[in-house]
Amino acid sequence: MRILYTSTRRIQAQAAIYTETGDPQKVIKVISHKVPDTADELQRNEVLIRMLAAPVNPSDLNQIEGSYPVKARFKKLNAVNGTNTSLIATVGGNEGVAEILATGSGVAGLFNGDWVVPRQAGVFGTWCTHAVVKDKTILKIPSGWREGVEAIDVACLKVNPSTAYRLLSDFVDLRPGDCIIQNGANSGVGRAVIQLAKHWGIRTINIVRDRPHLPELAQELYNLGADVVISDKQLIDTGDGRIKIKEQIKSLKAPICLGLNCVGGRTTVQMTKLISQGGVLVSYGGMSRQPVMLPTSLLIFKDISARGFWMNRWYSDCTLFNKKEDEIRNIVLPLLRRTLKIEYLLGIVFTLESCDARGTVTNL
């Protein structure tokens with residue numbers, strides 16, 4: 001979401017809010033609201049930010065619907081609509097990049113003009129032009145990492161690319177030449193996995209859902225750095241197709257150390273069978289809504305480990321600033337070299353202009 005703002009003496013702040021959970025098209029409204037104009041009006045640990053860009057993720061919509069584990073935080077909001085109105089509401093969005101406009105007297109290490117991102121989902125809503133946030137809820141993007149990087153790219157670092165980075169970093173000690181396998185390879189996370197793996201010299205076997213234009217999609221992934229691309233139909237094929245897939249995988253001449261699952265169901269079982277002795281299967285999603293039911297033989301005779309990962313939990317559990325900084329650095333630096341293309345819109349576009357005169361969202 002690209003944010004437009006009015007550069008005047010008094011800040012004209014707007015936000016996409018909701019006062020109850022439900023259908024995003026029905027409950028989201030855009031309002032004008034009050035924010036401080038100067039640092040003198042801020043509390044000691046408060047920071048006034050101007051949002052530069054904020055994406056719309058499926059998890060944002062799930063949160064509005066009330067079906068996401070991270071629940072919305074409703075609080076008092078002072079709306080300006082001809083008369084001052086106090087609302088109990090929350091601002092939509094969990095991801096984005098902002099510029100600091102002013103800081104409270106007790107804020108250290110953050111300065112006007114700095115770019116910042118939310119430390120984790122749920123700390124404040126990002127679908128707004130301006131916001132006042134606590135200094136501990138934001139993470140600074142060092143100015144030296146920003147050169148040549150678009151704000152919209154940085155806005156999307158904290159969900160899909162960060163998940164990809166953690167999946168490749170936290171479960172197996174991957175080395176150049178190693179091989180991983182993943183399903184949902186054309187998702188935002190999947191595409192980031194391909195690119196980061198390529199950047200680090202790790203080979204990828206990528207499974208996508210069968211479709212009429214499979215060759216075109218496969219070529220897209222090859223262009224990003226994929227080594228092998230196959231369909232889920234080919235994966236479960238018991239005939240010549242499966243033999244050809246095994247030949248492709250064998251040609252990589254590397255053990256498959258890690259499997260990444262965001263689908264579940266039968267294809268995940270078949271994918272896990274390709275993981276090498278002592279490998280790890282990590283589930284971070286379940287788009288098919290089917291369980292992951294692994295044969296006992298994989299656990300006993302191949303010593304396959306099954307793990308789970310949720311980015312929000314990592315942000316909550318990780319108290320080490322340097323680990324979070326390291327994560328951003330290792331994603332931003334490839335961006336600086338223009339080797340990482342982030343799929344940030346996911347086919348969904350939301351802007352403050354996409355509302356009718358009453359502030360009702362019309363095309364989310």
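The largest pocket in this predicted model holds about 1400 Å³ of space. A pocket here is an open set of points on a 1 Å grid over the protein atoms alone, where a 1.4 Å probe fits, with protein on both sides within 12 Å along at least five of seven lines; its volume is the space filled by probe spheres set on the points, which are joined across faces, edges and corners. Lining residues, those with an atom within 4 Å of a point, number 46, and Pro 58, Cys 262, Tyr 284, Gly 285 and Met 287 sit closest to the centre. Two or more of the lining residues come from each of α2 (58-65), α4 (160-169), α5 (188-199), β11 (203-208) and α11 (311-317), with α2 giving the most, four. Helices (H or I, at least four residues) and strands (E, at least two) are DSSP runs, numbered from the N terminus.

By class, the lining has 18 nonpolar, 18 polar and 10 charged residues, where Ala, Val, Leu, Ile, Met, Phe, Trp, Tyr, Cys and Pro count as nonpolar, Asp, Glu, Lys and Arg as charged, and the others, Gly among them, as polar.

Next comes the second largest pocket, at about 690 Å³. Its lining takes in 31 residues, and closest to the centre are Lys 75, Leu 77, Val 91, Phe 124 and Val 132. β8 gives the most to this lining, five residues.

Residues are numbered from 1 along each chain as its sequence is written. Local features need pLDDT of at least 70, side-chain atom pairs count only at pLDDT 80 or more, and totals for chains, interfaces and linings use all residues, while side-chain values use heavy atoms, with hydrogens and water left out.
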